[in-house]
Amino acid sequence: MEFFEKLMSIDRRVIFLFVGAALIVPLFLDIEQKIEITPEVQTLYDAFMELPPGSKVLMTFDYDPPSAPELQPQAITALRLCFDRNLKVIIIGLWPMGPMQANLALETIFIEKKYLDREPIYGVDYVNLGYSPGNELVIQRMGSSIPSTFPRDFRGTPIEEIPLMQGIVNFSNLDFILNLSAGYPGTVEWVQFAVDRFHATMGACNTAVQAPLVYPYVHTGQLTGLSGGMKGAAEFEVLTGFTGKGTKFMLSQSFAHIIVVLFIIIGNIAYFVTRGREKEKIG
Amino acid sequence: MRRQIPLVITFIVGSVLIISVFIPHKPFGRLGENFSVYFDIIAVFAFILGGGNLLRVHGNRIYRKHKDWPYSMVTVAGFLVMMIAGLFKIGGSPGITGDLTEPGSMFEELYMYVFTPLMATMFALLAFFVASASYRAFRAKNREATILLLAAFVILLGRTPFGVKLTSWLPGSLSFLEIPNLATWIMSVPNMAGQRAILIGIALGVIAMALRVILGVERTYLGADSD
């Protein structure tokens, strides 16, 4: 009796300790994981693979550092895939921190050995146009004119001096959009304006919390693929044959999920045992 | 006049933006674009107003030594340091069009080594609190709570390689009972049905609210003395 009552009022620091251990210990383990590929991530990967070399991909970084553990690995994988397939990348952000996150992802990629000799050229292979305030209004204006929405890049260079931006007027000059989103403005707004209104083709990488909200858009075909959370990041990495932080952190997330499930089961057992005995007392 | 002018502006801008969606030709298409550009101009003033307000509120707290005033000191110091590092491009290319985020600039260093870890730490704490809250609140008290609990189990385990292993022994004819497949089904069928209902409800609500604002029925955005 006492044991279950104690369980019911367990100190939360004990739970913190278990969760902390579940998150940290797997980082030092080398356990092989079988990561199943979901149809949504496969569709996203296929969309990239179907683009011919030289295609222009707009990547919108609509997140900030708190969501980076889930979205940064997806951004890195998508950027690597683009550079490996010689796709041209145009980066923007509807969140002020987004373009900075893009820069961090690029820095991570460019220190890799394979890119040391042939680092993609800024302005030719990729460009960062920075942040623009206005949320969905920015998307709406990009539908009319991208150069007038982003007259300068993140470094302050006039857009007409950037070779990659030559001939790009609006969404009709882009081959694919990848939205990396952690909330508002994000995937929902991009679907409503860029996809529905301007008929752009778009895929999305979301946080695990946001992914269920945009599922309806995948099944209607408004979204061409969806990668959600750490699991999506790991799947994306498996498909591209690159083991990054998505796969590595997936182990920590798995252990943490198991710990949470175990605690919920223990909590429910304790709840039913103590409740049964309370009923017996009353009876 | 303080009420009439904002109401007229709202009516004109709102009507033109709606019409420009259905008739994207002259003059509505062009007007719609122009109105969206005005947003940038207003946003610039909003940024200045926001920064000024932050300094006023926290400056006042520091001056009057309100409760927790040292936190206000940190807020003001953080705001000023980031603003100065960005405005004057310390450590980076000089000039108004210089790159404030180039490697080695003070803004970039502060972003990478102060801002990012602080924000990530704050968000990471959620994992611990969610675990603790789940332990205390997730109880199979009734039928609805039990369904929610089971769905949570399937999704939590279905998102891990452990979930794959747990039911991989099931024969092919029962593969639909494998946890990852169940998780996909929950996301694709009940979740999607619920989300669609919510989205349709939100869309109808937004239309109703937008019409109320455009027609001047809803005036709370004008402030306390809007009536």
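Domain bounds come from an automatic or database domain assignment. This is a predicted model, in which local features need pLDDT of at least 70 and side-chain atom pairs count only at pLDDT 80 or more, while totals for chains, interfaces and linings use all residues. Residues are numbered from 1 along each chain as its sequence is written, and chains are lettered from A and ligands numbered from 1 in the order in which they are written.

**Exercise 1.** Find into which domains chain A is divided.

*Solution.* Step one: domain 1 of chain A takes residues 2-26 and 256-282. Step two: domain 2 of chain A covers 34-243. Step three: the C-alpha centres of these two domains of chain A are 42 Å apart.

**Exercise 2.** Describe chain A as a whole: its span and its secondary structure.

*Solution.* Step one: the C-alpha trace of chain A spans about 80 × 40 × 35 Å along its principal axes. Step two: chain A has 12 helices and 6 strands, where helices (H or I, at least four residues) and strands (E, at least two) are DSSP runs numbered from the N terminus.

**Exercise 3.** Is strand β3 (residues 126-131) of chain A largely enclosed or open?

*Solution.* Step one: a residue is buried if 20 or more other C-beta atoms lie within 10 Å of its own, exposed if 12 or fewer, and partly exposed in between, with C-beta atoms placed from the backbone. Step two: strand β3 of chain A is largely enclosed by the rest of the structure, because 5 of its 6 residues are buried. Step three: strand β2 (residues 88-93) of chain A runs parallel to β3(A), joined by 4 bridges; strands pair if DSSP finds at least two bridges between them. One bridge links I91(A) with N128(A) in β3(A).
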